[in-house]
Amino acid sequence: MNLTKTEEKMLDGEEGYAVKKSMEILVALGNIYCAEKLIEVGSVQVAGVSYHNLGDAGLEFLNELAKDGKVKVLTTLNPAGMDLEDWRNLGIDEEFARKQNLVIDAFRKMGILISCTCTPYLIGNLPLYGEHIAWSESSAVTFANSVIGAKTNREGGPSALAAAFVGKTPYYGLHLDENRGPDTHVEVKAKLTKISDWGALGYCIGKQVQNKIAYITGIKEASLDELKSFCASVVTFGSKPLFYIRGITPGSEKYQPPKEKIILEDRDIREAYETINDDVEDIDFVCIGCPHASIKEIAQIADLLENKKISPNTEFWVATSRSMKQLADIKGYTAVIERAGGKFACDTCMAVAPVKGRFRAIATTSAKGCYYSRHNNLLTKMGSLEECIDAAVKGKWS
Ligand code: F3S
């Protein structure tokens, strides 16, 4: 890989340990993927924030970098393992909270915004069309590439952090226009009537196209929340963080549908639900907000919970960013949700919080949420927001 004089100096350690280490990571990555050079990035999103996933080895790695590392571009953080303010209310134990706070301290020292959300594009880290960025949360990477039209590979936590310290990333993969063309035409004949249908659609497309770029036709409209849910699902069950929806997402007008074609019908969506949903009736955990809930979703939750009470056998979380919760406070939605017995899980979510062993069965609107909940040994039910709220109130899926 060709390095400039300044980059060579960074690699030699002239800007300190964190930058040197970061350059080593970026050069190694660049060499593996035959990148010709590094390119500047407009922003970075760092995943790998929960102490649940990092452990002591991860914390030590971060503390080493935090000694002299300062980010050079706007850098935001993925969800942590707990609500940073109200962690006791979510049943997090003292020792976990202490360790999680040490992780956050390290990131804060690096100059990273303690945003703790997987929807940075909803709270101010909003890239421009065509802008090169280095993001490392799969749902956000897919949203940035496909819905915003920015350009990013699916970074790992360390490579994103390295890009933040250097302000650059290797020029390969989805940064190159020649790698961004669609490979497979997906015609959607299925009707999509509720938010969870978009997770089911992501399941079907992800499973079938895997590492190819889908060019999707047959969809007439899509809201931001539907696209957000679809992005999370398609990359969880497939692996390519880029798709096009004709007439809806940017860049789709540049391409014709590829020859290779698959058709998805109502029965495919039904089968996706059958695979994702377990045979379970009693629900002791309901979590909405995967990816993190928008203010519109929080408004819908408040509307459905007005004058209702969450079952005493069920824990109800709204996973969202702290900024979104602050907006919900002002709008009065927080009061309605909390009056019903619901809790806000700011800065975290059902996948990265240490919930393993605490609950038996979760209901959620999100296919990705179900996928990761199974890793936490939970039985899963995916459905509309109305069905999930109903399950929270009755403690049962009906
Ligand atoms: Fe976000 Fe957690 Fe879902 S990080 S996309 S809410 S699994």
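Predicted model: local features only at pLDDT ≥ 70, side-chain atom pairs only at ≥ 80, totals over all residues.
Guide: Residues are numbered from 1 along each chain as its sequence is written, and side-chain values use heavy atoms, with hydrogens and water left out.

Visitor: Why is Ser138 called buried?

Guide: Buried means under 20% relative accessible area, exposed means over 50%, and partly exposed is in between (1.4 Å probe, protein chains only). Ser138 has a relative accessible area of 11%, so it counts as buried. Ser138 belongs to helix H5, residues 138–148; helices are DSSP runs of H or I with at least four residues, strands are runs of E with at least two, and both are numbered from the N terminus.

Visitor: Which residues does Ser138 touch, not counting those up to four places away in sequence?

Guide: They are Arg154, Val235 and Lys368, where contact means heavy atoms within 4.5 Å.

Visitor: What makes a residue part of the shell around the ligand, and which residues surround the ligand?

Guide: One of the residue's heavy atoms must lie within 4 Å of the molecule. Pro79, Cys118, Glu137, Ser139, Gly289, Cys290, Pro291, Cys349, Ala351 and Lys368 surround the ligand. The shell has 6 nonpolar, 2 polar and 2 charged residues. Here Ala, Val, Leu, Ile, Met, Phe, Trp, Tyr, Cys and Pro count as nonpolar, Asp, Glu, Lys and Arg as charged, and the others, Gly among them, as polar.

Visitor: Why is the ligand said to lie between domain 1 and domain 3?

Guide: Both domain 1 (5–177) and domain 3 (277–394) give residues to the shell, so the ligand lies between them. The protein also has domain 2 (181–275), and the bounds come from an automatic or database domain assignment. Taken over C-alpha atoms, the centres of domain 1 and domain 3 are 27 Å apart. Their contact takes 25 residues from domain 1 and 22 residues from domain 3.

Visitor: Why is Asp347 called buried, and why is Asn377 called exposed?

Guide: Asp347 has a relative accessible area of 1%, so it falls on the buried side. Asn377 is at 58%, so it counts as exposed. Asp347 has a positive phi, near 70°, and Asn377 has one of about 65°. Most residues other than glycine have a negative phi. Asp347 is in the loop between strands S12 (343–346) and S13 (361–364), while Asn377 is in the loop between helix H13 (367–375) and strand S14 (379–382).

Visitor: What makes Lys37 partly exposed?

Guide: Its relative accessibility is 33%, so Lys37 counts as partly exposed. Lys37 lies in the loop between helix H2 (17–32) and strand S1 (38–40). Lys37 and Met1 are 36 residues apart along the chain, and their C-alpha atoms are separated by 5.4 Å.

Visitor: How do you know that Tyr215 is buried?

Guide: Tyr215 has a relative accessible area of 1%, and is therefore buried. Tyr215 is in strand S7, residues 214–217. Leaving aside neighbours within four places in sequence, its contacts include Pro182, Tyr244, Arg246 and Pro258.
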